[in-house]
Amino acid sequence: MVVFWTTAFLVLLQKTVSSPNSFVDRSSQNLSSVPPDLPDTTESLDLSCNRITQLRSGDFQNTYLLKFLNVSWNRLEDIDAETFTYTPLLENLDLSRNGLKNLSGQLYLLHTGNLLVLNLTWNKFPTMSLGSEFSRLAKLERLAVGAVNISVGDFENLAKVNLHTLSLSLEDKLEYEAGSLKGVHAHRLQVVFSHSQTMDPDLVSDALMLFVEVELMNLTDYKTLNEQLSKRVEIYTSHLYLNKISITWSELTEFLNVTLHKNIAHVSASDVVMYNLPFRETSVPKTSKMKSFTARRAVVKSFIFSQEAVYNFFISLPVKSLAIVETSLIYMTCPKSASPILHLDLSHDALSDSIFSRVEQQQTLECEHLANVRNLSLADNNLKSLHILSKRFQYMRSLQHLDLSLNSILYDGSSECFWPLGITIMNLSSNGLTESVFKCLPKNLQTLDLENNEILAISSSIFHLKNLSSLNLNANKLRELPACNTFPALNKLLIKSNSLHVPSMNKLETCPKLKILDVSDNPFTCTCSLRDFISLGITSERKYPSGIEIINWPLGYRCSYPEAVRNSNLREFWIPDVLCNVWLLAAAILVPAAILIVTIVALCRHLDVPWYIGMIWQWTRAKHRARIRQVGAEDLVGVEFHAFVSYSQHDADWVHKDLLPNLEGGLRISYHEKNFVPGKTIIENIISCVEKSWRAVFVLSAHFVKSEWCHYELYFASHQRLSRGPDSIVLVLLEPLPQYLIPSKYNQLKSMMSRHTYLEWPQDRVKQRLFWANLRAAIQADLSDAPAEQIQE
């Protein structure tokens, strides 16, 4: 059966872990019974401030996971023995402020074996007789009870239960029998007095002799306490706490004067209201057995008193540790003689920069009597100037740990600082400090906390902090990592939540001893420059990293830029090597490009692409010139032919078989065999044909440059260019004609071939169609108005 229930509970626990319905609040709903509709995922249930009178056996049968139950401030008078049968995980049970009447009859406790905390205070128990069911609470750590009568033997059923805290809430008319607490095994006894209740001396005596820690709440009877302290030569209690007390100055000083000579090592007073504060100095013993005194949240109800007298009393206490915290202290004096204080805590007060100093004859005198202080905490005060504070502490030669966090401290870098040389740990977090703070730091620092300040950069020109091993720069405005030239011993560097885009690996290489690095929650720019840092983070994931351990990796490291990878985890970000290596990138681009260019050139040469491009370009230019040049009637006066063809007689076959058949269809062509007039001289015929033709076409070949008459025809045509423009001569290269084969007398031909594009006759028949198109476009003109007659052969 036990195995069954255990298995069932474990299964339910797994199904409902982190359930949103685990906490149920049904307080102050005027309930008269436990509601039946409680979710089966309930782990914490608040039924306080209702009018429930009874808990029944089936009230919690569906809440298998219940751990915390608060039924305080109800009208409970009875609880069935089987009420908690179905709540085996119950750890915290509050039944205070009800009407339960018999501590020896709480049988429901037989089913609460896992109970850690039980509160039964402020019920109607006449006696403190705990029933045998309490002996079953083997795991119980905190028990709070209260009764009118406490007698010897009442706690015998707790003899085998090792409590941490036993809390007794006492009635106004308490009857206590001496020795009643001897059967209790608890580390701490908390006694809560009712208003203005007189302290039972036997209870105080038993408390001081049986428990290591004793806490007294709402205490008003300091006379009885002081008497019991004075009577005891040896006291077992080492920690005495006074909580929520009202006390006069005379009662407080008398209490302290008594406890200083007892072996109560630690005294603490919290939520203290003080009355009747002094007008003059109060004497303080020079020696004591007390090690520490703490005052927390102290309030003064006197309006006229000597603040200096009060401060002098506390700072002169002969203890090793003094703490006055969460109190509106505006000043603290300097002891009048050498103080034994080693640990001084004045945090969460209202202290100013004048702390510990005094002014005599317009001269500020620094405190020299706190030379033994090792740890000083002034966190969360009204401190302003780092330079002035260094002067205040300059004579604390033993000071090692200084906490100045949560202030408004500034430093402009213009004044020299005077820190004692022994400071090794310093906390300056949450101030308004800039990078100039590094000019005003103790030289032997080992640990420095500058979190949440206004630091933009760390200059390498500051003096070396040779012993600094831990530096916290979280929540500043740093844009780059600091170089360790200034911190040669740096082992731990924290730069979380700054403005770092790309942590410089070059800077990290200057930190040979760096083992721990935190640069999480920075706005990382995920580019090639970040690859080395990402590799470092991945390396740090190993169980025993040989290099730097990256804190919060990889969850705290995400890309902020560019937008395409925003919020991507750095570990998942990847850029190919070729994009981040200039030489690889150049090779990856240039090699394929070179191969492509060579391939294209080879293909072009193989397919004569340059020839096609040249011919298309010539055709396009010819068409373009024809469009932009407007040929008027006056330009065509005397023009009868589209072209005069000049050629060597050795090339006549090509002219008659190829040239003329492709041009004469629609074009008027003149050539010497057809249009020279007999009886005229050759020169006259050449001049006449050239003048009557819109263009002169010269078929160039090796034979052409050897022909004397061809030379004349070219000569007269070149003169015609002056009136009809440079396009009046069209050169057709029938065969390759190197410049060196052209005689010197053909200097005009050389010049034209070097400056003008000529048409090359292709042997490939496929290319010849484009050749004829170009030639026709070059000599095309509208001769519809030209004379119709032609020169007869």
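Colleague: What makes strand E13 (residues 213–217) largely enclosed by the rest of the structure?
Modeller: Five of the five residues of E13 are buried, so the strand is largely enclosed. Buried means under 20% relative accessible area, exposed over 50%, partly exposed in between (1.4 Å probe, protein chains only). Strands are DSSP runs of E with at least two residues, and helices are runs of H or I with at least four, numbered from the N terminus. This is a predicted model: local features need pLDDT of at least 70, side-chain atom pairs count only at pLDDT 80 or more, and totals for chains, interfaces and linings use all residues. Residues are numbered from 1 along each chain as its sequence is written, and side-chain values use heavy atoms, without hydrogens and water.

Colleague: How do you know that both faces of E13 are covered?
Modeller: Each side has its own buried residues. Glu213, Glu215 and Met217 are buried on one side. Val214 and Leu216 are buried on the other.

Colleague: How do you know that strand E12 (residues 185–192) is joined to E13?
Modeller: Two strands pair if DSSP finds at least two bridges between them. E12 and E13 have five, and they run parallel. Within the pair, Leu189 stands opposite Val214 of E13.

Colleague: Which way does the chain cross from E12 to E13, and through what?
Modeller: The path goes through helix H2 (residues 201–210), and this β-α-β crossover is right-handed. The term means that, with the strands pointing away from the viewer, the path from the first strand over the helix to the second runs clockwise.

Colleague: What joins E13 to strand E14 (residues 239–248)?
Modeller: Five bridges, and these strands run parallel. Met217 stands opposite Asn243 in E14. With helix H3 (residues 222–231), E13 and E14 make a right-handed β-α-β unit.

Colleague: Now H12. Which residues of helix H12 (residues 652–663) are buried?
Modeller: Ala652, Trp654, Val655, Leu659, Leu660 and Leu663 are buried. They cover an arc of only 140 degrees around the axis, which puts them on the same side of H12. The arc is that of the directions from the helix axis to the C-beta atoms. On the other side, Asp653, Lys657 and Pro661 are exposed.

Colleague: What covers the buried residues of H12?
Modeller: The cover includes strands E31 (641–646), E32 (669–671), E33 (693–700) and E34 (729–733). Helices H13 (672–675) and H17 (765–779) are also part of it.

Colleague: What makes E32 an edge strand of its sheet?
Modeller: The open sheet has five strands in the order E32-E31-E33-E34-E35, with parallel pairing. E32 and strand E35 (759–760) each have a single partner strand, so one side of each is left without a neighbour in the sheet. H12 packs on this sheet, touching E31, E32, E33 and E34. The direction of H12 makes about 155 degrees with that of E32. Such angles run from 0 to 180 degrees between N-to-C directions, with axes fitted to C-alpha atoms, for helices over the stretch in contact.

Colleague: How do you know that E31 and E32 pair?
Modeller: Three bridges join them in the parallel sense. Val645 stands opposite Tyr671 in E32.

Colleague: Why is Ser670 called buried?
Modeller: Its relative accessible area is 0%, so Ser670 counts as buried. Ser670 is found in E32. Residues up to four places away in sequence aside, Ser670 touches Phe641, Ala643, Phe644, Val645, Asn675, Cys689 and Ser693. Contact means heavy atoms within 4.5 Å.

Colleague: Thr63 lies in the loop between strand E3 (54–55) and strand E4 (68–70). Is Thr63 buried or exposed?
Modeller: At 1% relative accessibility, Thr63 counts as buried. Beyond its neighbours within four places in sequence, Thr63 is in contact with Leu38, Pro39, Thr42, Tyr86 and Thr87.

Colleague: Why do the buried residues of helix H8 (residues 531–539) line one face of the helix?
Modeller: The buried residues are Phe533, Ile534, Leu536 and Gly537. Seen down the axis of H8, they fall within an arc of 155 degrees, so they line one face. They pack against helix H7 (505–508) and strands E27 (516–518), E28 (524–525) and E29 (549–550).

Colleague: What makes helix H5 (residues 307–315) mostly covered?
Modeller: Seven of its nine residues are buried. Among them are Tyr311, Phe313 and Phe314. The buried residues of H5 pack against helix H4 (249–259) and strands E16 (292–300), E17 (321–325) and E18 (343–345).
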